[in-house]
Amino acid sequence: MSTPAPRVLEVAVPPRDLGYSVHVGEGVLARVGAEVTRDRQPRRAAIVSDHNVLPLYGPVVRRSLEAAGLAVVEHAVPPGEASKRPEVLVALLGALVDEGLGRRDVVVALGGGVVGDLGGLVAALLMRGVDLVQCPTSLVAQVDASVGGKVAVDLPGGKNLLGTFWFPRAVLVDTSVLRTLPDVELACGLAEMLKHGALFSAEHFEQVVEGAASLAARDPAVLPGLVATSVALKAACVARDPLELSDGGGGRVLLNLGHTVGHAIEAASGYAVRHGEAVALGLRAAARLSEARGLCPPGLEARMVAALAALRLPIELDAWLEGERAEALARAMAHDKKRAAGSITYIALAAIGQPCTLRLSPDEILDLLRGRAPR
Ligand SMILES: NC(=O)c1ccc[n+]([C@@H]2O[C@H](COP(=O)([O-])OP(=O)(O)OC[C@H]3O[C@@H](n4cnc5c(N)ncnc54)[C@H](O)[C@@H]3O)[C@@H](O)[C@H]2O)c1
Ligand SMILES: [Zn+2]
């Protein structure tokens, strides 16, 4: 008697609309209560924040949530990347369960990218997922981390290795909070804004550079508009490839512009160089490499350097291309390459606003940056 062939049953999973609104403006944090109760009625909200941000902006968020009828609990973690750890994640989950947070309640992540990534993962995991509202308070979080749904904590083996996609219900980008953000942190966000312009809009690139002084002064007549444009450019990219499944075209991989060399500098410095500062050097690298490969007309690197300098971002790339630092850089890129299953998709520029992708090895990248023909 022959064994019957296995039966294959198809389980349909109808797509859900996971779209969300991003509100950008001065004072929008006061709307958080209205947003979380827009089309549902949670009973409780958990604000996840850090010790710098909670004392500054916890009260306005709490008042707004309470005015909308919610009971509020607050948790603050120590500021900094070290809080993006599984231990901190599990402790938060345990605390929220003890406090009686339910399946229909909401997590409000109030802080920089660390809090957004950590609080977002808390929301994704608590009882298989509860609603999340992102209230980003650093410029990096406002123009980058809070939009796109990536949430994660770090593992000893690397950054963001324990994570998932969990799309927020809403994102509230209150540009008035940037007044208390330290200047070096603001500059890190400007590097990501410049990246969005370099990838998708020469006009945005120029507006960010021309607006440097107004941005540094947190001018309310300039800041919300430029932040909103930068968010819109990133949002359009992630909407084309929400789960980062495509390896080219207009997909999320393009957002790695400046990040191949940038990540490697961050890692090689033992994370002494801030992410945004490393990305600034990575943007210069991408411009230089694009010129070296003849992908763009000469002058792109000079234009990028002028832009970075106007935004008071670092431009000293060459110090990373010789000696021990270069070796550490090559090792860090080789590590990323291994993780990406053997090849690096390097994002280059045919012009400001026109990205293109290359496959390159770490040695080829370093040779091109040093002005040598690849071996
Ligand atoms: N999920 C994503 O798509 C994505 C994208 C980019 C970065 N990230 C992650 O974001 C993190 C970096 O984010 P970050 O640069 O915001 O770092 P961060 O969260 O550590 O914030 C930087 C510092 O600024 C303080 N701060 C934040 N807002 C403030 C305010 N309004 N006033 C005063 N101080 C304020 C914080 O307490 C912290 O000390 C990294 O972990 C990175 O992996 C994630
Ligand atoms: Zn970045």
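## Reading two ligand sites

Tutor: In this predicted model, an N or O atom in the side chain of Ser 138 sits 2.5 Å from an oxygen atom of ligand 1.

Student: How much of ligand 1's own accessible area does the protein cover?

Tutor: Of the 860 Å² that ligand 1 has on its own, the protein covers 86%.

Student: Okay, and which other polar atoms lie by an oxygen atom of ligand 1?

Tutor: Polar contacts pair N or O atoms within 3.5 Å. Here, a polar side-chain atom of Lys 84 is 2.8 Å from an oxygen atom of ligand 1, and for Val 114 a polar backbone atom lies 3.0 Å from one.

Student: How many residues surround ligand 1, and which are the closest?

Tutor: To make the list, a residue needs a heavy atom within 4 Å. That gives 26 residues around ligand 1, with Asp 50, Glu 81, Thr 137, Ser 138 and Thr 180 the closest. By class, the shell splits into 10 nonpolar, seven polar and nine charged residues. Elements supplying at least two shell residues each include helix 2 (53–67), helix 4 (113–125), helix 5 (139–145) and strand 7 (158–165).

Student: Why does the pair Glu 192 and His 259 tie parts of the chain together?

Tutor: Glu 192 belongs to helix 6 (residues 183–200) and His 259 to helix 10 (residues 259–268), so the pair links parts 67 residues apart in sequence.

Student: Are those two buried or exposed?

Tutor: Glu 192 and His 259 are both buried.

Terms used: Residues numbered from 1 in each chain as written. Chains lettered and ligands numbered in written order. Predicted model: local features only at pLDDT ≥ 70, side-chain atom pairs only at ≥ 80, totals over all residues. Heavy atoms only, no water. Polar contact = N/O pair within 3.5 Å; in protein donor to acceptor, adjacent residues only side chain to side chain. Areas by Shrake-Rupley, 256 points an atom, 1.4 Å probe, with all protein chains shown as cover. Helix = DSSP H or I, 4+ residues; strand = E, 2+ residues; numbered from the N terminus. Nonpolar A, V, L, I, M, F, W, Y, C, P; charged D, E, K, R; others polar. Buried < 20%, exposed > 50% of the residue type's maximum accessible area, 1.4 Å probe, protein only.
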